[in-house]
Amino acid sequence: MTQFEPKIVAFLCNWCSYVAADAAGVARLVQKPNVRVIRVFCSGMVDPGYVLKAFASGADAVLVAGCHPGDCHYISGNIKAMRRSFLLHKLLTDLGVEKERFRLEWIAASEGPRYATVVNEMTEQIRKLGPFRPASGSKPERSELTCRKEG
Amino acid sequence: MPKRRVAIYSATGCSACDNSILGLHYQVGAFTGWAEIVFWPYLRGDSWQVLEDDRQIDVCFFCGSIATEEDRHAALRLRAAARVLVACGACAAFGGLPGLVNLIPADPTEMSTSSQDTWPPLPRAKSRVSGLPGIVPVDYFVPGCPPTQPLLWACFQALVSGGESQIRASFSAARLPEAISTAVAAGVLPPHGSTFAGEKAVCASCCRAKEEKKFSRLYRGHELDPDAGRCLLEQGLICQGLATREGCGGLCTAVGVPCRGCFGKAEAVYDAGAKMVSAISSTFDAAEAGQASEMAARFVDLAGTFYRYTLAEQCALLAGASEERNDAIHGS
């Protein structure tokens, strides 16, 4: 049997994280080939709809990476991405998507090694989790339901 | 012209759709002028035997979601019998409230079944609830919970009167997409698959003023008496108007009740939940991760809120999970 190879869709911001990915390649850092990169102009433009669409189209995980807070080329686009990420995490959890499958990271242009680390780490994590199957009939842990029972 | 043969059926639901059809008031007289109602179990207690002669039904209005085996058989049978099948109401069109059970997937082997001594026998529940389009091809949709009379009336005129209506200049045509209102006026069938509702979002017809997009604190419905005339979302209520198809005329928002999304997602929206997450949290009044996280923590049951009526058919991740889809019966 062949090993499960996760498909990870990565939305990388044009000004920081995409450059970091480029730098990681130029520096010949070892990277897992499981990432499909989509270059976007800012992490702030990654609508939650894109993330859901990625999952609905067969991605096993989604990575959104942007500039560190304060460094955004558009002043506060990454802050918007940060604000959204919490509610999006909650929605995804409710729909049965494990927390590890969606990740928001700050990776500056000079942080090529960090990009490689994030990608490798994420790939291994998702490999352990297994493929994402929407509505597979698996019993997801629903954050809200368990919360309410406890409270 | 002979009268059109019309069937109206309710699967799993609350029968508010049937009552909404009865609520056509003065138009009911005009309606029976063109239509012969041959099958309406809710109103007349008709049995399935009525459908056993081989004459076709011209238009069937199917209400309710597909939650039991009986519902599925009814859908297949009515699809086979009817020339035009209309999904009437949020349950039939999108799965409706019963569709929320899909959030907790059931194991078919664990489902309760009737034993011989259970009386009345339990319906054979399906492990997943779906809307009508999850089972058979559907020709037209009338959304809403329940559908509003103007839209139902427009649908009747378009599909049943066949251009013979004396009152074609319908009071509802103005709010319908151009293609449908033109068809109603001309007495021809609207484009296949049309939805009898608007195209834009509820915000387009909501009477409230939208001022500053900033979400500073979440309020549950009972915690706040909203200011008159100001956008409910900006006041901290979860109003789904911006992700929801218009056509209702903003009835709920006009009286201070946030939109719950019973018309399904608007034409341009990919996924109602994602749209709502984006709309609410992009404007969180928080610059630090900690603050934003605290604000998000106040929200409960996002999936049940954002896909309240549409989980079974329109949620990007969970839709289309019906056990089977029988296209063959329609011969398409």
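Modeller: Let's go through the domains, the contact between the chains, and then a sheet. Keep in mind that this is a predicted model.

Colleague: Fine. What domains does the domain assignment give for chain B?

Modeller: The idea is to look for stretches of the chain that are treated as separate units. In chain B the assignment gives domain 1, covering 4-197, and domain 2, covering 202-299. Going by C-alpha atoms, the centres of these two domains of chain B are 30 Å apart.

Colleague: Now the two chains. How many residues of chain A are in contact with chain B?

Modeller: Start with a count for each side, then ask which elements supply the residues. Here 24 residues of chain A touch 27 residues of chain B. On the chain A side, helix H2 (48-56) and helix H3 (77-94) each supply at least two residues. H3(A) has the largest share, 11 residues. As for classes, the chain A side holds 13 nonpolar, 2 polar and 9 charged residues.

Colleague: And how do I read a pair of helices across that contact? At what angle do H2(A) and H9(B) cross?

Modeller: You take the two axes and look at the distance, the angle and the hand. The axes of H2(A) and helix H9 of chain B (residues 272-281) come within 8 Å, crossing at roughly 150°. Because of that angle, H2(A) is roughly antiparallel to H9(B). The crossing of H2(A) with H9(B) is right-handed.

Colleague: Which residues of H2(A) and H9(B) meet there?

Modeller: From H2(A) you'll find A:Pro48, A:Gly49 and A:Leu52, and from H9(B) they meet B:Ala274, B:Lys275, B:Val277 and B:Ser278. The residues of this contact split into 4 nonpolar, 2 polar and 1 charged.

Colleague: Let me try H3(A) with H10(B). How do their axes cross?

Modeller: The axes of H3(A) and helix H10 of chain B (residues 289-297) come within 9 Å and cross at roughly 30°. The hand of the crossing of H3(A) with H10(B) is right-handed. In H3(A), click on A:Met82, A:Arg83, A:Phe86, A:Leu87 and A:Lys90; they meet B:Ala289, B:Ala292, B:Ser293 and B:Ala296 of H10(B). The residues of the H3(A) and H10(B) contact divide into 6 nonpolar, 1 polar and 2 charged.

Colleague: Last topic, the sheet. What is the strand order in chain A?

Modeller: Chain A has an open sheet of 4 strands in the order E2-E1-E3-E4, with parallel pairing. Its edge strands are E2 (35-40) and E4 (102-106), each pairing on one side only. From one strand to the next, the twist averages 20°.

Colleague: How many bridges join E1(A) to E2(A)?

Modeller: There are 6 bridges between strand E1 of chain A (residues 8-13) and E2(A), and the two run parallel. For one you can look up, A:Phe11 has A:Ile38 in E2(A) as its bridge partner. H2(A) turns up again here: this helix packs on the sheet and touches E1, E3 (61-66) and E4 of chain A. The direction of H2(A) makes about 150° with that of E3(A).

Note on methods. Residues are numbered from 1 along each chain as its sequence is written. Chains are lettered from A and ligands numbered from 1 in the order in which they are written. This is a predicted model: local features need pLDDT of at least 70, side-chain atom pairs count only at pLDDT 80 or more; totals for chains, interfaces and linings use all residues. Domain bounds come from an automatic or database domain assignment. Two residues are in contact if their C-beta atoms, placed from the backbone, lie within 7 Å. Ala, Val, Leu, Ile, Met, Phe, Trp, Tyr, Cys and Pro count as nonpolar, Asp, Glu, Lys and Arg as charged, and the others, Gly among them, as polar. Axes are lines fitted to C-alpha atoms, for helices over the stretch in contact, and angles run from 0 to 180 degrees between N-to-C directions. Angles under 35 degrees count as roughly parallel, over 145 as roughly antiparallel, 65 to 115 as roughly perpendicular and the rest as oblique. A crossing is left-handed if the near helix is turned anticlockwise from the far one by less than a right angle, and right-handed if clockwise. Two strands pair if DSSP finds at least two bridges between them.
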